[in-house]
Amino acid sequence: NAEYMGDLDLTTRNLFLETYFSVFVFVKQLFSCRALCNVVIETLIVMALLRSSLTLSKLQLPSSQLIVKSQTYWPAWKTHTGGRSASTKWRENIDYQIKHTKPKLRAWMKDGNRKIELKVNKMKPKIRDLSRETRTKFQQLQDNQTIPDINKFIKVRSAMELVESLPPRWQPYARLARHHSPTGTYLILAPAAIGLAMATPAGSLPSLWILSKFTLGAFLMRGAGCTINDYWDIRFDPWVDRSKNRPLAARELTQTQAMIFFIAQSTCALALLLTFNWKTIFLGASCMGLVIAYPLMKRITYWPQAFLGLTINCGALMAFPAVTGYFCPLISIPLFLSFACWTLYYDTIYALQDIRDDRVIGIKSTTILFGERVEIWLQRFAVAMVAGLYLTGLLVNQGIFYHLGVSYIAYRFYKEHQSLNIHSPADCLSKFKANGRLGGILFLIIVFANLFASHKNLPINY
């Protein structure tokens, strides 16, 4: 009878209203359980509820006792079951199962944990011996050079390691040109690269071809400058702790060899310069005489660092003619003077390493001139450089990102000055090298600002 079964299903749904109470109890205990055993037991409870519901749905009640309306169903059902509801019977059955099943489950889980712990303890010595044996075999293979040393391929070699990897006959020349210490090359490249970025039109990247030529030129001119410097200072370097091991001072090379090496580097730099336009060639060639004369300034004036600033920052003047084909004095000259102040800043810090030896042998420098006021002058040089950068940015209309970047450079100068120990040669050398990285940061800031600049002001054509 389909009609009878349909009525029975509706009645069964009304009957199961009380059973939902047990389900809510299970959910509450699931979220507040403190051990896995409680979860397992409550899962068994739900399984028992489902099994009881299936059994109840198969009950066959007389049609005279079937009441469809839920309001009058419960009294009739209690009369049929002896006054006790089905949920009461289920709860009694569930309480009995929990009472007898919980201790068994706890004992089973405790026994299982004990067995797992015993197996792990047995495996520990085997794993330890296996790892020790593997490490021993790997070390033996590495000692026998049957496998390559990965560090040789992953590790980035320093400049000193590259110089030491050269043939023995070439190493003195590389050390004479300071190829083992590239900070000077970075400081010569920075003005040219920054000027190149400023001369680039708004929304564009600097020319990689011009940048590569400036990089090679800085590498060659730095080597030539260091070579002629050691050539002129051959009588002084053996008496200074920092320079007594240089190739000329240590007699690894003769003065004739050093002069030939200087001419070779200068010739290569001149050949590279001839690839630019005539205005750039004129400005670059005018710096060659300064490169040769700079080492002599230490015997004449207390401001050799100022002369050095005029020598190595010519790239700031060459950048605009190299890109645009004309000279922009309203931009190039403030930028050039700003970098000249920067050279006074970092080369004064560099000269603090040799201040005692310079006083003994009679070498002049700004550190000897300033004396105890050297820190005040360093502040002035840093402020002058930052002011020049701000002025140049306003003239070119570099944009807000450029000025934020220059503010960061000013903050770097402040932090560097606060931590500078003028009586520590190691700290002075560290601060000098930090300025080489500062030039790269400033170049990237200008490149980034140039991409977001709407337009740039390039003054009159000269």
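## Briefing on a predicted helical model

At 0% relative accessibility, Thr280 counts as buried, because buried means under 20% relative accessible area, while exposed means over 50% and partly exposed lies in between (1.4 Å probe, protein chains only). This is a predicted model, in which local features need pLDDT of at least 70 and side-chain atom pairs count only at pLDDT 80 or more, although totals for chains, interfaces and linings use all residues. Residues are numbered from 1 along each chain as its sequence is written, and side-chain values use heavy atoms, with hydrogens and water left out.

- Thr280 lies in helix α12, where helices (H or I, at least four residues) and strands (E, at least two) are DSSP runs numbered from the N terminus.
- Not counting residues up to four places away in sequence, Thr280 touches Leu273, Met318, Pro321 and Ala322, a contact being heavy atoms within 4.5 Å.
- The C-alpha atoms of Thr280 and Phe327 are separated by 8.7 Å, and these two residues are 47 residues apart along the chain.
- Helix α15 (residues 315-324) has 8 of its 10 residues buried, so it is largely enclosed by the rest of the structure.
- The buried residues of α15 are Gly315, Ala316, Leu317, Met318, Ala319, Phe320, Pro321 and Ala322, and what covers them includes α9, α10 (208-232), α11 (255-273), α12 (278-285) and α16 (329-351).
- Just after α15, Gly325 takes a positive phi of about 90°.

**Nonpolar cores**

- The largest nonpolar core has 65 residues, and those with the most contacts inside it are Phe214, Phe339, Trp342, Tyr345, Met385, Phe413 and Leu442; such a core is a set of buried Ala, Val, Leu, Ile, Met, Phe, Trp, Tyr and Cys residues joined through side-chain atoms within 4.5 Å.
- Helix α9 (residues 183-199) gives the largest share of this core, 11 residues.
- Apart from this core lies another, of 7 residues, among them Leu176, Ala177, Leu248 and Phe261.
- Phe214 touches Leu189, Ala192, Leu196, Phe276, Met318, Ala319 and Ala322, when residues up to four places away in sequence are not counted.
- In soluble globular proteins, nonpolar side chains tend to be buried together.

**Salt bridges**

- A search of the whole structure finds 8 salt bridges, each being a side-chain nitrogen of Lys or Arg within 4 Å of a carboxyl oxygen of Asp or Glu.
- The side chains of Asp233 and Lys298 meet in a salt bridge of 2.7 Å, N to O; Asp233 lies in the loop between α10 and α11 and Lys298 in helix α13 (residues 288-300), so the pair ties together parts that are 65 residues apart in sequence.
- Arg299 also forms a salt bridge with Asp233, with the closest N and O atoms 3.1 Å apart, and this pair links distant parts of the chain, since Arg299 in helix α13 and Asp233 in the loop between α10 and α11 are 66 residues apart.
- Asp233 counts as buried at 3% relative accessibility, whereas Arg299 counts as partly exposed at 28%.
- Lys431 forms a salt bridge with Asp427, the closest N and O atoms being 2.7 Å apart; both lie in helix α21, 4 residues apart, about one turn of the helix, and both are buried.
- Salt bridges that share partners also join Arg178, Asp230, Asp237 and Arg246 into one network.

**Around Asn229**

- Asn229 is found in helix α10 and counts as buried, at 12% relative accessibility.
- Leaving aside neighbours within four places in sequence, Asn229 is in contact with Arg178, Arg246, Tyr294, Pro295 and Lys298.
- The side chains of Asn229 and Asp230 are joined by a polar contact of 3.4 Å, meaning a pair of N or O atoms within 3.5 Å; within protein, one must be able to donate a hydrogen and the other to accept it, and residues adjacent in sequence count only if both atoms are side-chain atoms.
- The C-alpha atoms of Asn229 and Ala177, which are 52 residues apart along the chain, are separated by 9.9 Å.

**A nonpolar surface patch**

- Leu205, Ile400, Phe401, Leu404, Phe448, Leu451 and Phe452 form a nonpolar patch on the surface, with about 710 Å² of accessible area together.
- Patches are made of residues with over 30% relative accessible area and no salt bridge, with like charges joined within 9 Å and nonpolar side chains (Val, Leu, Ile, Met, Phe, Trp, Tyr) within 5 Å; accessible areas come from the Shrake-Rupley method with a 1.4 Å probe, and for residues only the protein chains shown count as cover.
- Helices α20 (400-419) and α21 (425-452) each supply at least two residues of the nonpolar patch.
- Leu451 is found in helix α21 and is partly exposed, with a relative accessible area of 39%.
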